[in-house]
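Please look through the sequence and the model below before reading on.

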Amino acid sequence: MNERLPYLREKTALLTTSPGVYRMRDKNGQIIYIGKAKNLRSRVTSYFCKSPDHTPKVAKMVSNVYDYDFIVTDSEYEALVLECSLIKQHKPKYNILLKDDKGYSYIKISDEPYPRITAEMQNTGGGKYFGPYTSVFVAKQTAEEVNKVFMLPTCHRKFPSEFGKGRPCLNYHIKQCMGICSGKISQDEYADMISQAEEYITSGSKASVERLTKQMNTAAENLEFELAARLRDRISAIQRAADRQKIISEDMKDTDIIAASQNGNEACIAILMYRNGRLTDRNEFPVGELDSPENMIQDFMMQYYSDKELIPREIITEEDIPDNEIITRMLREKCGHAVDIFSRKRGKGLQLITMAKANASDSLAIRVGRTGKEIVALEELARLLGLKEPPLYIEAYDISNLASSSMVAGMVVFENGRPNKKAYKKFSIKTVDVQNDYASMHEVLSRRFSHYKDDSETDEGFRRLPDLILLDGGKGQVSAVEPVLKSLGINIPLFGMVKDSKHRTRAIAASGGEISISQNRAAFMLLTQIQDEVHRYSITYQRSRHKKQSFALEITKIKGIGDKKAEKLFSKFKTRDELKKASPEEIAKAAGINLTLAAEVYDFIQAEL
């Protein structure tokens with residue numbers, strides 16, 4: 001806790017209510033954060049209040065504040081402009097500072113009789129170059145798309161010197177190459193296709209389709225049916241590529257799409273840039289410590305566009321940003337044309353937001369050592385369940401029994417979206433005599449969190465609290481367990497996993513009802529994996545217990561071995577392998593019997609196991 005908080009609260013109580021900019025400083029006088037406010041007193045007070053609800057980033061910043069100063073402005077808009085300027089000047093630790101050390105990429109049409117189209121890191125040497133693109137991804141994907149649409153060769157053969165020297169490769173047979181190697185396509189005809197491909201790169205699909213459609217109709221009128229068929233196939237290929245890849249979007253003439261991804265204490269923002277209906281660039285920026293998505297995106301926009309001369313007419317964001325109106329005004333005055341900022345929750349805009357978010361997740365995955373799908377799944381799960389942050393440590397429980405015998409439970413742990421098998425736990429039901437899943441789940445959760453409350457507990461798995469608890473079952477299971485957590489003072493989100501008639505995850509249960517899950521989302525796949533794993537783990541334990549109990553019942557048929565002696569034996573040798581390896585002397589000592597009887601027990605075990 002910051003020992004300076006009483007002083008900071010006292011100072012803030014006298015602060016002006018005017019708009020302005022505040023600068024937080026550490027004990028060395030260094031500026032660590034700069035912010036703007038419509039009401040300085042109200043905004044700064046929110047940092048130092050006695051019951052804060054801060055994000056991890058803000059909480060860490062506040063813990064390092066020694067003092068602050070401020071600059072009063074005439075309006076919130078002036079404060080915004082000043083904030084941007086001061087952040088660029090001082091580069092405070094806790095503001096978003098954009099670092100982009102990526103090189104540039106180009107698309108090249110080579111200078112040779114039968115040119116190739118490739119993505120290149122440099123624009124040196126002969127040929128014609130398009131770019132630069134700050135994203136290698138965009139350059140590579142565009143080159144790959146153009147080669148597929150126009151069936152251009154991507155092999156290493158040299159033309160025309162290698163015409164007829166070998167059979168066409170697989171690409172020709174699967175209609176991804178026109179088969180230049182056969183020598184049946186003239187240089188002029190090939191040059192025309194390269195010209196069409198160049199137009200496709202620079203103008204997008206709509207212009208290409210319009211020109212090719214005119215050529216196809218002319219060819220058909222001139223009875224050149226073979227040429228008309230080739231042009232028809234090329235038009236279809238362009239349209240399929242546009243539908244499949246979102247690289248071309250005629251609705252996005254001059255648009256940026258911005259989305260954020262977060263995992264643990266890391267966050268990343270991705271931006272997709274569409275110009276003239278084509279995705280021209282993509283970039284990702286690590287943005288330091290976590291804040292709310294809307295604040296991260298707003299802070300990113302202020303820094304990113306403050307250095308840009310060319311600002312798009314539309315900016316689509318994943319979340320509605322808090323200061324949309326004044327940021328829009330700042331961007332309009334900077335670029336001299338209309339700019340609109342809005343979010344999209346459905347349709348094509350949502351598809352592109354999802355694409356941007358996937359790029360941010362993939363970039364972040366490399367930094368934190370996870371896969372992009374795992375990060376997206378945890379973020380989706382947090383939104384689905386209304387959690388403030390992605391649940392990085394999840395415990396899931398399932399009850400398994402055979403009628404009223406062999407009643408057990410399994411607990412599995414998923415950490416960062418993956419099973420952590422070292423943390424799995426098994427429970428045998430002790431206080432429930434007849435089959436009752438609700439009572440059994442009540443007992444299991446009571447025992448698990450009693451371990452957590454026990455100061456003498458040394459098991460690290462019990463000493464850690466999960467971010468989320470999932471139960472295999474509906475709202476009845478949830479209602480049975482909620483009183484347990486409440487009585488122990490444990491405040492952890494609790495939900496059930498509801499199955500359909502085919503034992504597949506159908507919905508998430510809360511005490512008040514159910515939350516449906518879309519089967520094509522990453523969160524659904526994660527929940528299905530968790531539910532399948534906890535079911536597998538608990539039923540495997542139940543079967544093993546049942547076999548052990550059945551064998552224990554058989555062993556009591558030996559004269560001189562009762563329930564108590566059998567229990568002593570199985571308490572000492574917990575697995576079938578341990579029991580089979582035990583010598584008559586070890587059996588005698590464990591069960592408290594003489595060597596003659598132990599030898600008889602030994603022979604029985606060797607015959608039956």
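Gln122 lies in the loop between strand 5 (117–120) and strand 6 (128–133), where helices (H or I, at least four residues) and strands (E, at least two) are DSSP runs numbered from the N terminus. The model is a predicted one, in which local features need pLDDT of at least 70 and side-chain atom pairs count only at pLDDT 80 or more, while totals for chains, interfaces and linings use all residues. Residues are numbered from 1 along each chain as its sequence is written, and side-chain values use heavy atoms, with hydrogens and water left out. Leaving aside neighbours within four places in sequence, Gln122 is in contact (heavy atoms within 4.5 Å) with Tyr106 and Tyr129. Between Gln122 and Ile107, which are 15 residues apart in sequence, the C-alpha to C-alpha distance is 9.5 Å.

An open sheet of 3 strands has the order 2-1-3 with antiparallel pairing, two strands being paired if DSSP finds at least two bridges between them. Strand 2 (31–37) and strand 3 (67–72) each have a single partner strand and stand at the edges, so one side of each is left without a neighbour in the sheet. From one strand to the next, the twist averages 20 degrees. Strand 1 (residues 20–25) runs antiparallel to strand 2 and is joined to it by 6 bridges; Arg23 has Ile34 in strand 2 as its bridge partner.

Not counting residues up to four places away in sequence, Ile258 touches residues including Ile269, Ile297, Phe300, Met301, Tyr305 and Ile353.

How do helix 10 and helix 11 lie relative to each other? Their axes, lines fitted to C-alpha atoms over the stretch in contact, come within 11 Å and cross at roughly 10 degrees, on a scale from 0 to 180 degrees between N-to-C directions. Helix 10 and helix 11 are therefore roughly parallel, the term for angles under 35 degrees. Gln298, Met301, Met302, Tyr305 and Ser306 of helix 10 make the contact with Ile327, Leu331 and Lys334 of helix 11.

Notes: Angles under 35 degrees count as roughly parallel, over 145 as roughly antiparallel, 65 to 115 as roughly perpendicular and the rest as oblique.
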